[in-house]
Amino acid sequence: MVAAGGWALRGGPTGQAEPLPSALASSPLPSPAAPGVEAVHPAAPPPVTHAAPGVRYTFDGGIAGQVQDGSGRLPLRVRKAGGELSAVPHGGGLAVRFPQRCEHYGAESCARAILQSGPAEFLNPGQGAFTYGASVLVTPDETSKGANVIQKGFSVGDSQFKLQVDGVAGHPSCVIVGTAGPAIYVALASLTVADGRWHRVECSRSDALLTVAVDGKLKGRLAIPSSLSIANADPLCIGGKGTSPNNDQFAGAIDDVFVTLSS
């Protein structure tokens with residue numbers, strides 16, 4: 001605040017000077033040189049922080065129409081082939097329930113339904129560190145040969161990252177494939193999540209290490225090439241890799257999906 005020509009001025013919302021209220025304008029300012037008066041300095045502006053790039057879906061707005069992530073940048077839409085999705089209560093909000101397990105995995109008659117975005121190149125981590133995961137609810141009779149929770153990209157002729165709960169035992173695993181070759185890297189958790197309770201599963205790639213954590217505890221790790229790069233123009237898929245047969249359809253419920261790239 002400065003005094004000028006009988007007016008007290010302050011910075012307005014645009015950075016320009018504007019008059020202060022008359023009560024303040026009429027108050028004399030102490031001389032900075034006056035003895036016993038401590039100089040008053042303007043407070044430093046708060047530090048500017050930037051959220052790490054990525055997406056997060058809570059599904060609390062339901063799944064009718066577009067399902068928005070927290071930033072509104074990458075909406076999801078329901079895609080289905082004989083199956084249905086539904087919103088179910090979870091933790092004071094909503095989660096997504098996927099079609100029931102098919103008795104004959106991969107059959108044309110199996111009900112299939114997923115959530116899928118448009119192209120999501122901005123989620124490509126390249127060689128950088130990133131994390132992704134979700135909360136899942138799976139019962140012992142909902143496990144199958146293939147059950148994708150999150151997937152972006154493909155393992156053949158492409159690159160990908162994926163979270164899955166494959167196999168009858170229901171152990172979650174994190175999967176990545178780089179652009180340089182067909183090698184598939186899988187960090188498998190040492191415990192099952194197919195027990196009818198909600199579990200938080202998180203995958204993390206950091207330099208030359210891929211890890212999987214369940215409910216905040218490390219449950220699996222795998223060394224990977226530090227040069228491995230993931231980059232594709234594919235969409236983000238939740239609950240399966242598509243709607244064709246053998247889509248690795250997830251059975252159970254999913255909530256709080258996220259992908260976070262290092263900033």
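Asp234 touches Pro119, Ala120, Lys152, Gly153, Phe154 and Asp158, leaving aside residues up to four places away in sequence; contact means heavy atoms within 4.5 Å. The model is predicted: local features need pLDDT of at least 70, side-chain atom pairs count only at pLDDT 80 or more, and totals for chains, interfaces and linings use all residues. Residues are numbered from 1 along each chain as its sequence is written, and side-chain values use heavy atoms, with hydrogens and water left out.

Asp234 sits in the loop between strand S16 (217–223) and strand S17 (235–238). Strands (E, at least two residues) are DSSP runs, numbered from the N terminus. Asp234 is buried but has no salt bridge. Buried means under 20% relative accessible area, exposed over 50%, and partly exposed in between (1.4 Å probe, protein chains only). A salt bridge requires a side-chain nitrogen of Lys or Arg within 4 Å of a carboxyl oxygen of Asp or Glu. For Asp234, the nearest side chain of opposite charge is Lys152, 5.7 Å away. Lys and Arg count as positive, Asp and Glu as negative; His and the chain ends are not counted.

The aromatic pairs number 5. Rings of Phe, Tyr and Trp (its six-membered ring) pair if their centres lie within 6.5 Å; planes under 30 degrees apart are stacked, over 60 edge-to-face, and the rest tilted. Phe130 and Tyr132 are stacked, at 5.4 Å centre to centre and 15 degrees between the planes. Phe130 is buried, at 2% relative accessible area. Tyr132 is also buried, at 0%. The Tyr132 and Phe161 pair is tilted, because the planes meet at 45 degrees, with centres 4.9 Å apart. Tyr132 belongs to strand S9 (residues 130–137) and Phe161 to strand S11 (residues 160–164), so this pair ties together parts 29 residues apart in sequence.

Two aspartates have positive phi. Asp207, not a glycine, has a phi of about 55 degrees. Asp207 lies in the loop between strand S14 (198–206) and strand S15 (209–214). Asp207 is exposed, at 51% relative accessible area. Asp215 also has a positive phi, near 55 degrees. Asp215 occupies the loop between S15 and S16. At 42% relative accessibility, Asp215 is partly exposed.Val186 lies in strand S13 (residues 184–188) and is partly exposed, at 36% relative accessibility.

Key:
Helices (H or I, at least four residues) and strands (E, at least two) are DSSP runs, numbered from the N terminus.
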